[in-house]
Every structure is written in structure tokens, then in C-alpha cells.
Amino acid sequence: MIIECPACGSKYKYDESKLEGASRKKVKCAKCKGVIEIVNPNKEPENEDMDQTYGSVPTSATVIQKETATKDAPKTTTKVKRDMLTRDDPNLKMPDSRKISLAVIQGNNSGEIFQIERPKMVIGRGDADIPIKDLEASRQHARIDVLGDRVVLRDLNSTNGTFVNEQKITVSNLENQSEFRIGTTVFMLIVTDVE
């Protein structure tokens with residue numbers, strides 16, 4: 001069976017025999033350590049406690065890319081994606097003594113600087129906090145999360161991917177002057193001290 005992590009969207013082949021007669025089980029994603037709930041399709045649901053022994057999806061498990069997923073693979077609905085965008089993380093907060101911005105150093109928006117004013121901002125060509133003119137970008141392509149002094153870039157299941165150092169990422173920490181690419185648009189993170 002194919003299972004999908006609700007946190008990062010990674011898909012894995014899972015051996016149904018590991019359900020051992022249980023109607024449900026939880027495992028941890030090998031990529032992001034998020035919890036994946038597995039429902040046994042061959043057993044009627046019961047009022048039993050879910051097996052709380054969190055196994056991990058083996059790191060050697062085959063990751064199923066979206067392009068090669070079978071038609072039996074669980075679908076992530078638009079509602080789920082919106083919930084993931086709006087879910088508040090209590091650790092999200094702007095730093096007290098620093099200013100964060102994104103400078104566009106290549107692409108149609110080249111030369112523009114976007115201030116990061118909130119701890120969660122979406123980048124994309126549609127309904128986004130940071131709008132870019134890039135046909136290779138998804139409408140809501142990626143998100144910047146600020147956790148105090150830490151800045152995290154998350155791909156939002158975009159069509160063409162998000163790249164840091166030309167490596168496709170799902171989630172990546174960014175440092176001052178880190179560069180990342182969305183479509184043909186290249187951004188640089190700029191962190192400055194507030195005087």
C-alpha cells in the first residue's frame with residue numbers, strides 16, 4: 001500500500017503485513033518525523049486504542065514521487081492543503097532585534113525587495129503574500145516561516161519544486177544571504193540588525 005505523510009507529502013510503500021491484524025497504526029515519516037496514520041483496508045474499524053508504538057518508516061523505504069504514485073495512492077485534498085497553510089505553530093514569531101527581507105536577484109521581479117513582516121508568508125504567482133511574476137511558479141509555491149532567529153523555507157507541494165543550492169527541497173533552514181530558486185526567480189534572504 002502507499003502511505004503519505006500529511007506534514008511533508010512524502011510517499012512510501014508500506015507492507016500491509018506489518019499491520020498485524022490491527023485496524024490502525026501510526027508510524028513516523030523518515031524525512032520529517034511527522035506522524036502518519038495507517039488504516040488497515042482489510043479490517044473493520046474497532047473501538048480499540050491505536051497502537052501508540054510509533055514505528056518509523058525505514059529510511060531505506062522507497063519514496064514514491066508524485067509523478068509515479070499509483071491511482072490507489074491517497075489524495076491530498078485542497079482543504080488539507082489550506083489547513084496546512086493556516087495552521088498556527090506556537091513557535092512562529094518575529095525576532096526582536098532583526099529585520100528580515102527577501103531580495104529578488106534574478107527573474108522578472110529582479111531588484112525588488114520584500115519585507116518579511118509576519119512569521120508566516122507565502123510566495124507565489126497567485127494569492128500570495130509575496131507575489132512574483134513567474135509562470136513556472138505555483139499560485140502558492142513556498143512559504144517562509146520565522147521562528148525567532150531561525151528562518152525556514154517550505155515547499156507547498158509546488159508543481160516545479162523549490163531549490164536551495166540547486167537541490168530540490170521540501171523544508172530547508174535559511175541563513176543570512178542564503179539563495180533559493182522558485183521557477184526562474186532567485187531570492188536572497190537578508191537579515192539585518194535593527195538599530
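Trainee: Which elements of the chain have the lowest and the highest mean pLDDT?
Mentor: This is a predicted model, where local features need pLDDT of at least 70, side-chain atom pairs count only at pLDDT 80 or more, and totals for chains, interfaces and linings use all residues. Residues are numbered from 1 along each chain as its sequence is written, and side-chain values use heavy atoms, with hydrogens and water left out. pLDDT is the predictor's confidence in each residue, from 0 to 100; helices (H or I, at least four residues) and strands (E, at least two) are DSSP runs, numbered from the N terminus. The lowest mean, 41, belongs to helix α1 (residues 78-86), and the highest, 97, to strand β16 (residues 179-182).

Trainee: How many contacts beyond four places in sequence does the model have for residues 58-86?
Mentor: Take care here, as pLDDT stays under 50 over that stretch. With contact meaning heavy atoms within 4.5 Å, the model has 34.

Trainee: What is the strand order of the open sheet of six strands?
Mentor: Two strands pair if DSSP finds at least two bridges between them, and the pairing here is antiparallel. The edge strands, each pairing on one side only, are β8 (113-115) and β14 (167-169). The order is β8-β7-β17-β16-β13-β14.

Trainee: Which residue in β14 stands opposite V164?
Mentor: Strand β13 (residues 162-164) pairs with β14 in the antiparallel sense over three bridges. Opposite V164 stands Q167.

Trainee: What share of the residues counts as buried?
Mentor: Buried means under 20% relative accessible area (1.4 Å probe, protein chains only), exposed over 50%, and partly exposed in between. Of the 195 residues of the chain, the buried share is 41%.
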